[in-house]
Amino acid sequence: MNLTGRHLIDPNDFTIEELQKVIDLGLDIYNNPSNYSDICRGKILGTLFYEPSTRTRLSFESAMLRMGGSVLGFSDSNTSSVSKGETIADTIRVLDGYADVLVMRHPREGAPKLASEFSSVPVINGGDGGHQHPTQTLTDLVTIQHYRGKISNLKVAFCGDLLFGRTVHSLLKTLSRFPHISFVLISPEQLKIPSHLRDEIISNTNVEIIETQSLEDHINEVDILYMTRIQKERFFNEEEYVKLKDSYVLCKDKLKNAKEDLLILHPLPRVNEINYDVDSDPRAKYFEQAKLGVYARMALMALVLGVI
Amino acid sequence: MLKVTSIERGIVIDHISSGKGLKIFQKLSLDKLNTPVVLLMNVQSKELGKKDIIKIQDFIDLDLRILGLIDPNITINIIEKDQIVEKKKVELPQKVKGLFQCKNPRCITSIDTYVEPEFTLAKNSRRKYKCSYCEELTEYKL
């Protein structure tokens with residue numbers, strides 16, 4: 001099982017054993033950070049952020065800096081040669097000579113895959129449109145393993161925008177490959193998961209899926225509640241966004257019937273889908289989840305760079 | 001009754017669903033050939049009721065993938081000395097590259113036009129193709 005030189009574009013690019021290796025290493029780095037503080041000395045991370053993403057970009061940068069490496073790149077396509085009309089293929093062919101590993105965030109779906117076809121160094125998908133976000137999935141898996149000790153026998157609810165929510169797509173695809181997982185998918189009718197994704201999960205696994213519009217009806221039975229933001233930027237029609245944006249708001253009151261060991265996760269940033277009164281609830285782990293994301297990315301980069 | 005003579009040497013594209021013959025004719029750019037070509041439309045057929053047929057008095061390179069994509073019921077007959085020497089069935093191709101565009105407006109292939117979109121036939125689907133870049137399903141329409 002060797003991840004050196006590998007791209008991570010889609011969570012399915014890695015086997016469950018390979019994902020588990022990243023998760024275990026991430027938690028080991030979390031518990032023993034000083035053992036890993038110098039392993040990437042001399043290595044450079046190239047960050048190609050074609051759309052704003054403060055959290056993911058800073059999480060990657062923090063991860064590389066915590067391992068003693070360096071970072072270069074752009075966080076706004078308007079200030080790079082991209083604004084002059086340079087293609088992804090050309091940008092990548094140049095930048096893979098400057099960096100040892102690249103992370104790409106792009107508003108277009110499939111852009112990181114295209115980048116990987118022209119890159120001689122590993123390309124990591126930092127989120128592409130409403131498609132995939134595999135390093136958020138690694139973050140989510142590390143968080144689940146950290147708080148649950150294992151990733152199996154879980155009933156997981158996803159709530160909010162399941163149509164455009166790339167973090168949902170990646171995590172759904174990935175969790176469905178772990179043992180004894182079932183899903184409750186809570187969304188307005190207009191934001192249900194893409195049919196191709198549902199068909200793929202159903203045809204590849206025996207996962208039980210409940211699709212509903214009611215959070216209240218199922219909150220008492222789930223082990224993990226994964227809340228998501230309804231993203232304005234994914235809508236072509238603002239009227240539709242305004243109609244749907246407040247579909248689900250999690251508040252302290254709604255958690256009354258939830259399990260005591262429920263894990264409330266959110267890829268962040270949130271807008272108003274989780275009330276501030278939930279933050280103090282011990283079941284709310286979204287800020288810890290963001291912190292663990294740095295360790296997940298450290299593990300991933302260390303493995304694809306082959307420094308461990 | 002309309003009578004069209006058989007060809008001595010060439011290709012007969014048979015069992016085309018009625019109405020698709022003209023589209024195939026255009027898609028394969030058969031109007032640009034210098035050899036005799038015949039398009040027969042609404043011919044009586046035992047199997048299909050009505051069918052279209054294309055006869056080409058020569059051998060040309062036929063893209064069987066595109067024919068399979070358009071109509072998997074098509075049969076290709078290779079004719080030598082007035083005889084059928086080979087019959088080829090076309091199939092819905094499992095993989096398709098560059099023959100049509102992904103329908104997803106957010107797909108990178110809709111912007112970076114130097115990329116040839118690649119598709120795989122979706123599981124449990126007879127017509128829908130999954131984009132290898134964005135994974136959206138697109139149904140090929142002629």
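This is a predicted model: local features need pLDDT of at least 70, side-chain atom pairs count only at pLDDT 80 or more; totals for chains, interfaces and linings use all residues.
Local features are given only where pLDDT is at least 70, and side-chain atom pairs only at pLDDT 80 or more, while totals for chains, interfaces and linings use all residues. Residues are numbered from 1 along each chain as its sequence is written, chains are lettered from A in the order in which they are written, and side-chain values use heavy atoms, with hydrogens and water left out.

**View 1. The contact between chain A and chain B.**
Chain A brings 24 residues to this contact and chain B brings 19 residues; contact means heavy atoms within 4.5 Å. The buried area is about 1,700 Å², and carbon and sulfur atoms give 53% of this area. Buried area is the accessible area (1.4 Å probe) that two parts lose on being put together, summed over both. On the side of chain A, the residues that lose the most area to chain B are A:Arg108, A:Glu109 and A:His196, together 36% of what that side buries.

One salt bridge joins B:Lys130 to A:Glu200, with the closest N and O atoms 2.9 Å apart. Across the interface of chain A and chain B, 13 residue pairs are in polar contact, both residues at pLDDT 80 or more. A polar contact is a pair of N or O atoms within 3.5 Å; within protein, one must be able to donate a hydrogen and the other to accept it, and residues adjacent in sequence count only if both atoms are side-chain atoms. In chain A, helix H3 (88-95), helix H4 (111-118) and helix H7 (195-204) each supply at least two residues of the side that touches chain B. H4(A) gives the most to that side, with 5 residues. Helices (H or I, at least four residues) and strands (E, at least two) are DSSP runs, numbered from the N terminus. By class, the side of chain A that touches chain B has 8 nonpolar, 8 polar and 8 charged residues. Ala, Val, Leu, Ile, Met, Phe, Trp, Tyr, Cys and Pro count as nonpolar, Asp, Glu, Lys and Arg as charged, and the others, Gly among them, as polar.

**View 2. Helix H4 of chain A and its cover.**
The buried residues in H4(A) include A:Ala111, A:Pro112, A:Leu114, A:Ala115 and A:Ser116. Buried means under 20% relative accessible area, exposed over 50%, and partly exposed in between (1.4 Å probe, protein chains only). Among the elements of chain A that cover the buried residues of H4(A) are H3, strand E3 (101-106) and strand E4 (123-128).

**View 3. The two domains of chain A.**
Chain A is assigned domain 1 (11-132 + 291-305) and domain 2 (134-290), with bounds from an automatic or database domain assignment. Their centres, taken over C-alpha atoms, are separated by 24 Å. In this contact, 31 residues of domain 1 of chain A meet 31 residues of domain 2 of chain A. The area buried between these domains is about 2,600 Å², of which carbon and sulfur atoms give 59%. A:Ile23, A:Gln132 and A:Leu292 supply 21% of the area that domain 1 of chain A buries against domain 2 of chain A, more than any other three residues.

**View 4. Links between the domains of chain A.**
The count between domain 1 and domain 2 of chain A is 1 salt bridge. A salt bridge also joins the side chains of A:Arg166 and A:Glu51, at 3.5 Å from N to O. Between the two domains of chain A, 17 residue pairs are in polar contact, both at pLDDT 80 or more.

**View 5. The two domains of chain B.**
Chain B is divided into domain 1 (10-89) and domain 2 (95-139), and 27 Å separate their centres, taken over C-alpha atoms. Here 7 residues of domain 1 of chain B are in contact with 6 residues of domain 2 of chain B. The buried area is about 510 Å², with 55% from carbon and sulfur atoms.

**View 6. The surroundings of B:Arg126.**
B:Arg126 is in the loop between strand E7 (118-121) and strand E8 (128-131) of chain B. B:Arg126 counts as exposed because its relative accessibility is 67%. Not counting residues up to four places away in sequence, B:Arg126 touches B:Leu92 and B:Leu121.

Methods
A salt bridge is a side-chain nitrogen of Lys or Arg within 4 Å of a carboxyl oxygen of Asp or Glu.
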